[in-house]
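Subject: Structure handover

Hi,

My notes on what turned up follow below it.

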Amino acid sequence: MPTFRLLDIDLTTGTTRVSDVSDRFEKYLGGTGVATSLLLETPAGLDPLAPEAPVIFAIGPFSAVFPVVTKTVALFKSPLTGNLGESHAGGRLAMAMYGAGFHVIRLTGRAAFPCYVTVDEDRVEVHRAHSLWGSSALAAERILRDHEPSSFKRSIVRIGPAGERCSPIAAATVDSSRHFGRLGLGGVMGSKNLKALVVSGGRYWPVTEKGKYNAFYQKIYEAVVNSPAMKKYHDLGTAMNVMPLSRINGLPTRNFSQGFFEGAADISGETFAEKHLTQHLACGHCQTGCIHMATLRERFDPEEHQYKTFKISYDHELVYAFGSNLSIQNPEEVLRLLLQVEKEGWDAMSIGVTLAWAVDAFQAGHLTAKETDGLVLNFGDAATYDKMLHRIKAGHNGFYRDLEKGAVFCAKKYGGQECAIAFGGNEAPGYMTGLFAYLGYATGVRHSHLDSAGYSIDQKVLNEPKPDEELVQGLYKESVWRMALNSLVICLFARNIYTKEAVLEGLAALGLTGWDEARLNATARRIHAMKLRYKERCGFRFDDLALPGKLARVISGNGQVTSERFARQVAAYRDLAAKDAGELPAEYR
Ligand code: SF4
């Protein structure tokens with residue numbers, strides 16, 4: 001295996017430095033583990049938008065080496081929650097970083113002018129980006145593709161205007177349709193005057209144990225292409241979840257007022273596939289190709305019959321955020337709103353949930369026509385959402401400028417806190433299956449449904465209840481094990497293929513010796529404890545987590561979830577985590 005290298009780029013001075021971080025990979029595997037160790041070296045009191053606040057992109061030893069190990073993890077201090085910012089994206093970035101010879105890229109500082117950075121095997125350059133500043137996230141990619149041709153594997157990470165405005169719910173978009181969506185990476189990049197990062201390279205490292213490598217690769221490859229679960233992702237994509245969730249009362253509808261959406265069939269994966277699907281895409285080095293693209297024609301001018309065709313990716317989370325949760329059942333309207341989100345570069349879940357809060361707050365009288373400047377907010381009214389998005393973009397008035405600060409900020413300022421459906425400050429994902437979905441969002445280190453998949457626990461125990469105490473242990477165990485998977489930065493859709501045994505076999509096939517199950521488990525526990533330590537240093541407390549008031553009143557897929565029951569299980573999770581605090585390396589205690 002190669003030497004694992006960190007590329008440091010200081011945008012203030014335009015200087016770079018390369019260092020060998022193989023020792024960190026030995027300790028923390030790679031990806032999120034290594035990035036967490038680097039983040040912990042920064043002062044916790046740092047403003048997330050300060051020049052010194054780092055953005056760390058990291059991949060792992062399996063990246064670009066084994067199938068479906070396609071993700072890159074980004075770590076930063078979140079301007080949305082004020083603590084750990086962690087987001088994962090696919091596309092070609094992991095492959096390009098590997099090709100350029102860097103497993104970690106850390107950006108600090110603030111450029112004196114709007115810039116974009118190119119990284120390849122031999123050169124790192126900071127370019128002026130005045131002509132790109134203000135361009136949409138879609139246009140920026142098109143322009144950079146022409147400006148920065150590459151015969152190697154190349155990836156383009158960029159922000160839209162929302163990131164330039166340092167919105168704490170701005171995303172960074174990767175290649176044609178993947179995103180570092182959650183927790184405000186786009187805003188942090190904007191604060192650095194960094195419009196884009198372009199990475200390319202064509203390096204390969206020699207494999208020493210060729211026989212073992214080939215055998216393991218083939219085994220995983222076969223498992224991926226023959227797996228019924230991966231086939232489902234390929235066929236309908238994650239939008240396949242829309243109908244089953246609605247059937248079990250688990251699809252958030254009208255700002256989590258209920259879990260059954262009467263229009264679910266119209267925005268289901270099946271309907272999108274039949275009527276709008278135009279292309280399947282895959283992240284670099286994935287055989288599944290779960291990315292589903294729909295086409296949308298937009299008219300240039302109402303007077304002229306001239307159209308432009310856009311391709312827009314649709315996933316379950318996007319369909320929930322701009323479909324059921326806003327009560328829109330016309331897929332074209334969903335796509336039209338998503339196109340705006342995509343161009344502006346917001347996190348679709350955060351902006352969608354914030355719009356849904358606004359409707360509830362308006363109907364409860366916390367907002368009036370004074371704030372909305374004459375707009376009447378109702379669920380199902382796509383034309384009004386469209387106007388709202390345009391007004392947010394234009395900074396129409398203080399209220400619209402606030403909407404891109406997220407639901408929690410807005411609810412604190414205007415009222416309707418019980419209707420701000422967020423956990424740990426992050427707007428909720430698209431499952432209202434019950435207690436364990438909510439617990440997963442709340443207790444997860446990045447407040448994501450991907451931290452521990454509590455929604456899946458809810459579905460497993462539907463009609464076969466088990467004691468909460470037993471299930472919370474399963475939730476904790478899963479969130480800890482995911483530290484190992486996220487340090488290898490595999491796509492979590494392949495989590496059942498990369499079992500512990502498979503991970504150990506893969507490490508051995510790469511000549512990374514000395515790993516066994518006990519060491520793997522201890523490393524995962526250590527990384528989890530390190531993340532919690534970082535969060536605590538930033539002011540996070542489990543005891544501050546609360547169930548949004550509205551969710552205690554509505555019936556989830558698994559029945560009613562009371563605030564008391566939620567708080568009890570948060571405390572149980574906290575206690576499990578406290579036991580593992582002993583795993584913290586001495587320097588972080
Ligand atoms: S399964 Fe989908 S998200 Fe995962 S690596 Fe493949 S294409 Fe990307």
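Start with the ligand. Bear in mind that this is a predicted model. The shell around the ligand is made up of Val68, Thr70, Lys71, Ala282, Cys283, Cys286, Thr288, Gly289, Cys290, Cys491 and Phe493. By class, that shell holds seven nonpolar residues, three polar and one charged.

Next, the domains. Where does the ligand lie relative to domain 1 and domain 2? It lies between them, because both domain 1 and domain 2 give residues to its shell.

Domain 1 and domain 2 also touch each other. The contact involves 31 residues of domain 1 and 28 residues of domain 2.

Now two helix pairs. For packed helices in general, the description rests on the angle between the axes and the distance between them.

Pair one: helix 13 and helix 15.
- Helix 13 covers residues 348-363 and helix 15 covers residues 382-394.
- They pack at about 115°, and their axes are 12 Å apart.
- That angle makes helix 13 roughly perpendicular to helix 15.
- The crossing of helix 13 and helix 15 is right-handed.
- Helix 13 makes the contact through Ile351, Leu355, Ala358 and Val359. Helix 15 answers with Tyr385, Met388, Leu389 and Ile392.
- What classes do the residues of this contact of helix 13 with helix 15 divide into? Eight are nonpolar, with no polar and no charged residues.

Pair two: helix 18 and helix 23.
- Helix 18 spans residues 435-443, and helix 23 spans residues 563-579.
- The packing angle is about 50°, with 10 Å between the axes.
- Helix 18 is therefore oblique to helix 23.
- Helix 18 passes helix 23 in a right-handed crossing.
- From helix 18, the contact uses Leu435, Tyr438, Leu439, Ala442 and Thr443. From helix 23, it uses Arg565, Phe566, Gln569, Val570 and Tyr573.
- The contact of helix 18 with helix 23 divides into seven nonpolar residues, two polar and one charged.

As for the helix pairs, the contact of helix 13 with helix 15 has no polar and no charged residues, whereas the contact of helix 18 with helix 23 includes two polar and one charged.

Best wishes

Methods:
Residues are numbered from 1 along each chain as its sequence is written. This is a predicted model: local features need pLDDT of at least 70, side-chain atom pairs count only at pLDDT 80 or more; totals for chains, interfaces and linings use all residues. Side-chain values use heavy atoms; hydrogens and water are left out. A residue is near a molecule or strand if one of its heavy atoms lies within 4 Å of it. Ala, Val, Leu, Ile, Met, Phe, Trp, Tyr, Cys and Pro count as nonpolar, Asp, Glu, Lys and Arg as charged, and the others, Gly among them, as polar. Domain bounds come from an automatic or database domain assignment. Axes are lines fitted to C-alpha atoms, for helices over the stretch in contact, and angles run from 0 to 180 degrees between N-to-C directions. Helices (H or I, at least four residues) and strands (E, at least two) are DSSP runs, numbered from the N terminus. Angles under 35 degrees count as roughly parallel, over 145 as roughly antiparallel, 65 to 115 as roughly perpendicular and the rest as oblique. A crossing is left-handed if the near helix is turned anticlockwise from the far one by less than a right angle, and right-handed if clockwise. Contact means heavy atoms within 4.5 Å.
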